[in-house]
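Me: Please take a close look at one part of this model. Then connect that part to the rest of the chain, and give the cut-offs as you go.

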Amino acid sequence: MVWALDELGLAFKRHTVGGGFGGVREPSYLKMNPNGLVPVLQDGDITMFESNAIVRYLAARYGEGSLRPSEPKALALAEQWMEWQQLNVVPLISTIFWNQVRSPPAQRNDKAIAESNARLPGLLAIADQALKSSQWFAGDSFTFGDIVLGVLYWRYSCLDCPKPDTPNIKRWFAALKERPAYQKWIMVQVGSNPAEWTANEPPDPERIARRRGLTGCRASSPIRWPAPASLPA
Ligand SMILES: N[C@@H](CCC(=O)N[C@@H](CS)C(=O)NCC(=O)O)C(=O)O
């Protein structure tokens, strides 16, 4: 969400809540998101949850013709890849991440890691093939169709696991890393095991909060999440 806000050049205010920061069980928060999760977006009279829906809303309201393609075919592709990434790739990368980086060794599920590692090459080959004929998932321009995999691919790049040779994804990822908003909000060191995760904890509380908000996605996790962002009406 914050990456999208920044890509759109929108001013926003972030509130750090969730996990150890608390706040998500407060009645006032549950009114905004009854799931007690982050993120939540407040923008004028709109209050909403579900990060992908938030990104699509921001793109529709503030990024028509840029983050949200105006042309129906490109829009269809952006929608298609956002769904596909979320439903197929995110669970596999998240499984490896949570077991290798965020779980104590005794709770690490090696079978789940192996299953994810076995399935990822086939899935990434599909994305790689799509990126053979276009620079971005929806064509020649960066769109919200690049966001879901963009977030997760950074984390994947930090993981200690076998990585298939995907030259087109490699080129796409290199282009993402050139984007200032990606550098600022996504390219944060996460480490590849629990010790590195802890060692990478930066001393600056603001950076800790930022990193925590961008490096995990499991409701039961003990880490803290920032939310919501509010836009000027
Ligand atoms: N599908 C929801 C997932 C929300 C979700 O699971 N949020 C996690 C962070 S990504 C959370 O609030 N975790 C709080 C916690 O684990 O304490 C979305 O994309 O917004």
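**A pairing and its surroundings**

Reply: Leu41 stands opposite Met48 in β3. The model is a predicted one: local features need pLDDT of at least 70, side-chain atom pairs count only at pLDDT 80 or more, and totals for chains, interfaces and linings use all residues. Residues are numbered from 1 along each chain as its sequence is written.

Strand β3 covers residues 46-49 and runs antiparallel to β2, with 4 bridges between them. Strands pair if DSSP finds at least two bridges between them. The hairpin of β2 and β3 has 2 residues between the strands, and Gly44 takes a positive phi near 60° there.

Now zoom out. The chain has 10 helices and 4 strands (DSSP runs numbered from the N terminus: H or I of at least four residues for helices, E of at least two for strands). Their order along the sequence is α-β-α-β-β-α-α-α-α-α-α-α-α-β. Of the 233 residues, 36% count as buried (20 or more other C-beta atoms within 10 Å; exposed means 12 or fewer, partly exposed lies in between, and C-beta atoms are placed from the backbone). Among contacts with a separation of 6 or more, 70% join residues 24 or more positions apart (a contact means C-beta atoms, placed from the backbone, within 7 Å).

Beyond four places in sequence, Ala4 is in contact with Val55, Leu58, Ala59, Leu67, Phe144 and Ile147.

α4 (residues 72-102) packs on α5 (residues 110-130) at about 145°, with axes 9 Å apart. Axes are lines fitted to C-alpha atoms over the stretch in contact, and angles run from 0 to 180 degrees between N-to-C directions. The residues that meet include Val89, Leu92 and Ile96 in α4 and Ile113, Leu120 and Leu123 in α5. The contact divides into 7 nonpolar, 6 polar and 1 charged residues (nonpolar: Ala, Val, Leu, Ile, Met, Phe, Trp, Tyr, Cys and Pro; charged: Asp, Glu, Lys and Arg; polar: the others, Gly among them).

Two further residues complete the picture. Ala60 lies in helix α3. Ala60 is partly exposed because 13 other C-beta atoms lie within 10 Å. Ser70 is 10 residues from Ala60 along the chain, and their C-alpha atoms are separated by 9.4 Å. Asn200 sits in the loop between α9 (194-199) and α10 (205-214). Asn200 counts as partly exposed because it has 15 C-beta neighbours inside 10 Å. Leaving out residues up to four places away, Asn200 touches Gln189, Val190 and Gly191. Asn200 and Val190 are 10 residues apart in sequence and 6.6 Å apart, C-alpha to C-alpha.

Notes. Two residues are in contact if their C-beta atoms, placed from the backbone, lie within 7 Å.
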